[in-house]
Amino acid sequence: MSGAEWLVADVGGTNARFALVDGPDGALSEVRALPTGDYPGLAEAADAYLDAVGARPVAACLAVAGPVMNGTFHLTNAGWPKGDQEAVRAHLGLAHLDVINDFEALALALPHLAGDDLVPIGRGSADPGAPLAVVGPGTGLGVAGLVRTPSGYVPLPGEGGHVDVPAATDRELVVARLLRAEKGAASAEYLLSGAGLARIRRYLAAIDGRPALDLTPRQISEDRDDPLSREAVEMFCALLGSHAGNVALTLGARGGVYLGGGILPRIADVLRGSAFRARFEGKPPVEDYMRAIPTSLIVHPGPALVGAAARLAQSLPDLEPA
């Protein structure tokens with residue numbers, strides 16, 4: 001590889017995915033995932049990737065699963081210490097580095113996704129000038145918005161995964177009470193995440209007086225014969241619908257709400273047949289407003305990498321790889 005590519009990354013609590021891109025409209029190449037826990041920090045993980053592919057980029061955008069403020073960043077669900085953007089830039093020898101929230105990158109990717117990148121969930125028709133939103137359960141729960149302005153798209157990152165659980169049914173309310181008793185707070189991320197899916201099933205077992213099996217989120221999502229696992233997945237989808245609807249209302253996301261993260265593509269068939277869309281729309285007295293908003297599942301394999309490249313194109317409009 002030559003030394004003028006751009007480096008992009010999507011760094012979560014479980015995996016750090018890296019790729020190279022050869023310009024604003026370039027395709028991703030050398031896409032590789034490294035276990036986040038194998039490295040002491042972001043600079044070391046990026047360095048290992050660059051050594052493996054033999055590249056030395058001129059610029060990078062690294063999207064991380066956690067808050068980014070005033071040049072520092074912290075991964076919410078990883079054991080890394082708080083990081084410093086300038087220290088990472090210097091360590092990697094970059095001329096330019098952006099470190100952004102992973103859902104800020106995912107939001108920036110939305111205008112670049114189309115066709116086979118998306119699976120519609122329910123109906124609706126996007127208002128092309130209205131804000132967009134993205135919600136995604138994975139290791140954590142991410143939320144972000146995207147607003148169109150005369151000078152381009154502006155992302156709205158935040159920590160919307162830590163709002164309260166939108167419990168609605170009697171059984172969900174009991175689950176929320178058990179969550180609050182265990183964790184001290186009924187944060188949406190505690191249920192709408194990989195660990196959250198396992199937690200839902202454990203609480204349902206406790207409610208019914210049944211043994212709480214030691215199952216992984218993947219086992220729960222794939223076991224269609226176990227009644228509690230099926231109920232846990234259905235409750236997960238219903239709660240996600242309410243949460244996504246709350247995000248849509250808060251941001252006025254009439255341009256569409258997109259669903260990201262690593263869990264949902266594995267349960268796409270269940271999601272389509274679940275209460276997700278009914279709960280999304282069920283916001284009296286604005287049901288008509290909600291019915292008009294389309295919801296789509298992102299199935300592109302690396303959308304945050306696409307968004308990181310879009311951020312670099314914004315940051316460096318005159319800098320293109322040689």
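**Briefing: pockets, core and ring pairs**

Strand S11 and helix H7 (227–251) each give two or more residues to the lining of the second largest pocket. Helices (H or I, at least four residues) and strands (E, at least two) are DSSP runs numbered from the N terminus. The model is predicted, so local features need pLDDT of at least 70 and side-chain atom pairs pLDDT 80 or more, while totals for chains, interfaces and linings use all residues. Residues count from 1 along each chain as its sequence is written, and side-chain values use heavy atoms, without hydrogens or water.

**The second largest pocket**

- A pocket here is an open set of points on a 1 Å grid over the protein atoms alone, where a 1.4 Å probe fits, with protein on both sides within 12 Å along at least five of seven lines; lining residues have an atom within 4 Å of a point.
- This one holds about 190 Å³ of space, a volume being the space filled by probe spheres set on points joined across faces, edges and corners.
- Its lining has 14 residues, and Val-143, Gly-160, Val-163, Val-247 and Thr-250 are the ones nearest its centre.
- H7 provides the largest share of that lining, with five residues.
- By class, the lining splits into six nonpolar, six polar and two charged residues (Ala, Val, Leu, Ile, Met, Phe, Trp, Tyr, Cys and Pro are nonpolar, Asp, Glu, Lys and Arg charged, the others, Gly among them, polar).

**The largest pocket**

- The largest pocket comes to about 1100 Å³.
- Nearest its centre, among 48 lining residues, are Pro-137, Gly-138, Thr-139, Gly-261 and Gly-262.
- Elements that each supply at least two lining residues include S2, helix H3 (102–109), strand S10 (132–137), S11 (141–149) and helix H11 (303–315).
- Helix H5 (194–208) and helix H6 (217–222) each supply at least two as well.
- Sorted by class, its lining has 24 polar, 16 nonpolar and eight charged residues.

**The largest nonpolar core**

- A nonpolar core is a set of buried Ala, Val, Leu, Ile, Met, Phe, Trp, Tyr and Cys residues joined through side-chain atoms within 4.5 Å.
- The largest one has 43 residues, and Leu-191, Ile-200, Phe-236, Val-257 and Ile-267 have the most contacts inside it.
- Elements giving two or more residues to this core include S10, S11, helix H4 (170–183), H5, strand S13 (257–259), helix H8 (268–273) and H9.
- H7 is the top contributor to this core, with eleven residues.

**Aromatic pairs**

- Rings of Phe, Tyr and Trp (its six-membered ring) pair if their centres lie within 6.5 Å; planes under 30 degrees apart count as stacked, over 60 as edge-to-face and the rest as tilted.
- Phe-18 and Tyr-49 are stacked, because their ring centres are 5.1 Å apart and their planes meet at 20°.
- Phe-18 belongs to strand S2 (residues 15–21) and Tyr-49 to helix H1 (residues 42–53), so this pair ties together parts 31 residues apart in sequence.
- Phe-18 is buried at 0% relative accessibility, and Tyr-49 is buried at 1% (buried is under 20% relative accessible area, exposed over 50%, partly exposed in between, with a 1.4 Å probe and protein chains only).
- Phe-276 and Phe-280 are stacked too, since their centres lie 6.2 Å apart with planes at 20°.
- Both of these sit in helix H9 (residues 276–281), four residues apart, or about one turn of the helix.
- Phe-276 and Phe-280 are both buried.

**A loop residue**

- Val-299 sits in the loop between strand S14 (295–298) and H11.
- With a relative accessible area of 34%, Val-299 is partly exposed.
- Its C-alpha atom is 9.1 Å from that of Leu-259, 40 residues away along the chain.
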